[in-house]
Amino acid sequence: MASEMLGIDIGGSGIKGAPVDLSDGSFTRDRFRAATPHPSRPEAVARVVAEIVKHFGWEGPVGVTYPGVVIDGVALSAANVSKRWIGVDAAALIADAAGCPATVLNDADAAGIAEMRLGAGRGRGGTVAVLTLGTGIGSAVFTEGVLVPNTEFGHIQIDGRDAEHRASAKAREDEGLGWEKWAKRLSVYLSTLEALISPSLFILGGGVSRKAERFVPLIKGVRAEIVPARLVNNAGIVGAAMAAAAAHPAGRVSA
């Protein structure tokens, strides 16, 4: 099994990557970030991914996250990127641009994989929901450690709107919400999700999880335990690397 793998995380504003030590999730080189092209069309994003691969002089498989539904490498939704992604074989496109095999998966699923193996979900059974609070809300659901892929629970409807339009970190910033008001919205969202899947644990990730002490204690009416993610914003990169390693156990070809 590979001991190191390159992971790349495609986000709405930035695309970031780093080689990952698969034993502990640490980065073996400093993370590299590039701006997400606007418009975020497939070919333009693939070129940036290729630039990151080149930056690290990487040869061999790479894991890449995508902010939407991915089945067998094909993008089937595009909530926060160009609609031109829908129906595109993202894995083939990125592999062609970067000149290396690419494993592509949903961004929240990647973050969840990392948190369950090395972070706040390690050793936890039952149903666990990992939620990434950022530009939108990503979700990864695990039952007895097994991922149910592409849940996309950020798009459940609350008061006639996608939940992520009310309760994401971006919504808090855009509307200038204080921690208490935002926590109330999170409480409604988590309660709604709890009624659907009855998790024993919510893991809240994304950059805002660094400030978990400011809002997690204010969340009310939720039965499940709520904890911040341990890998914070690095979880997507780490999980992407893990997914690539699982798909390509022999690992990279050379440095």
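**Exercise 1.** How many residues of domain 1 are in contact with how many residues of domain 2?

*Solution.* The model is predicted, so local features need pLDDT of at least 70 and side-chain atom pairs count only at pLDDT 80 or more, whereas totals for chains, interfaces and linings use all residues. Residues are numbered from 1 along each chain as its sequence is written, and side-chain values use heavy atoms, with hydrogens and water left out.

Step 1: taking contact as heavy atoms within 4.5 Å, eight residues of domain 1 touch seven residues of domain 2.

Step 2: about 530 Å² is buried between the two domains, 41% of it on carbon and sulfur atoms, where buried area is the accessible area (1.4 Å probe) that two parts lose on being put together, summed over both. Of the area that domain 1 buries against domain 2, V69, N80 and N106 supply 61%, more than any other three residues.

**Exercise 2.** Which residues of helix 2 are buried, and what do they pack against?

*Solution.* Step 1: helices (H or I, at least four residues) and strands (E, at least two) are DSSP runs, numbered from the N terminus; with buried meaning under 20% relative accessible area (1.4 Å probe, protein chains only), the buried residues of helix 2 (residues 90–98) are A90, A91, I94 and A98.

Step 1: these residues cover an arc of only 95° around the axis, which puts them on the same side of helix 2, the arc being that of the directions from the helix axis to the C-beta atoms.

Step 2: their packing partners are helix 1 (42–55), strand 4 (62–66), strand 6 (74–75) and strand 7 (102–106).

Definitions and conventions
Buried < 20%, exposed > 50% of the residue type's maximum accessible area, 1.4 Å probe, protein only.
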